[in-house]
Amino acid sequence: VQLQASGGGLVQPGGSLRLTCAASGIIFRLNSVGWYRQAPGNERELVADIPFSGTSAPSPTYSDSVKGRFTASRDAAKNTEYLQMDNLKPEDTAVYYCNVKYPWAADSGWWGQGTQVTVSS
């Protein structure tokens, strides 16, 4: 399994970025997916949780810190996950990771390499 995250960069406060996570060796829609971030000195934080939903449309949930500003979505045909980040704030600065794991698994699954998001004027 390989996950490739991209789309990070430097953006001014109030700006937007869209992160992309492409997978090989595993199918996102058949598993549980998460977007995490880790700022220096902080623990890794789950910002968007997309649990396995079977034949139903995925129903992401978000941390309070990003709710209303971040939106997770999926292109199942491309086996790609997206995290649209709007109204970015300096406190959103972190390395962002995508994660995928089997729905029944207790372990942490697989991680992408991370993409840096820096929000600064």
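Modeller: Start with the link of Cys-21 and Cys-98, which is right-handed, with 60° about the S-S bond. Cys-21 lies in strand β3 and Cys-98 in strand β9, so the pair ties together parts that are 77 residues apart in sequence. Strands here are DSSP runs (E, at least two residues), numbered from the N terminus, as are helices (H or I, at least four). The S to S distance is 2.0 Å. A disulfide is called when two cysteine sulfur atoms lie within 2.5 Å. The whole structure has 1 disulfide.

A word on the model. It is predicted: local features need pLDDT of at least 70, side-chain atom pairs count only at pLDDT 80 or more, and totals for chains, interfaces and linings use all residues. Residues are numbered from 1 along each chain as its sequence is written, and side-chain values use heavy atoms, with hydrogens and water left out.

Now the surroundings. Both Cys-21 and Cys-98 are buried. Buried means under 20% relative accessible area, exposed over 50%, and partly exposed in between (1.4 Å probe, protein chains only). Cys-21 counts as buried because its relative accessibility is 0%. Leaving aside neighbours within four places in sequence, Cys-21 is in contact with Leu-3, Gln-4, Ala-5, Phe-28, Trp-35, Asn-79, Thr-80, Glu-81 and Cys-98. Contact means heavy atoms within 4.5 Å.

Take Trp-35 from that list. Cys-21 and Trp-35 are 14 residues apart in sequence and 9.4 Å apart in space, C-alpha to C-alpha. Trp-35 is also among the residues with the most contacts inside the largest nonpolar core, along with Leu-83, Met-85 and Tyr-96. That core has 27 residues. A nonpolar core is a set of buried Ala, Val, Leu, Ile, Met, Phe, Trp, Tyr and Cys residues joined through side-chain atoms within 4.5 Å. Elements that give two or more residues to this core include β3 (17-24), β4 (32-38), β8 (80-85) and β9 (94-101). In soluble globular proteins, nonpolar side chains tend to be buried together.

Leu-83 touches Trp-35 too. Not counting residues up to four places away in sequence, Leu-83 also touches Leu-17, Arg-18, Leu-19, Val-47, Ala-48, Phe-70, Thr-71, Ala-72 and Tyr-96.
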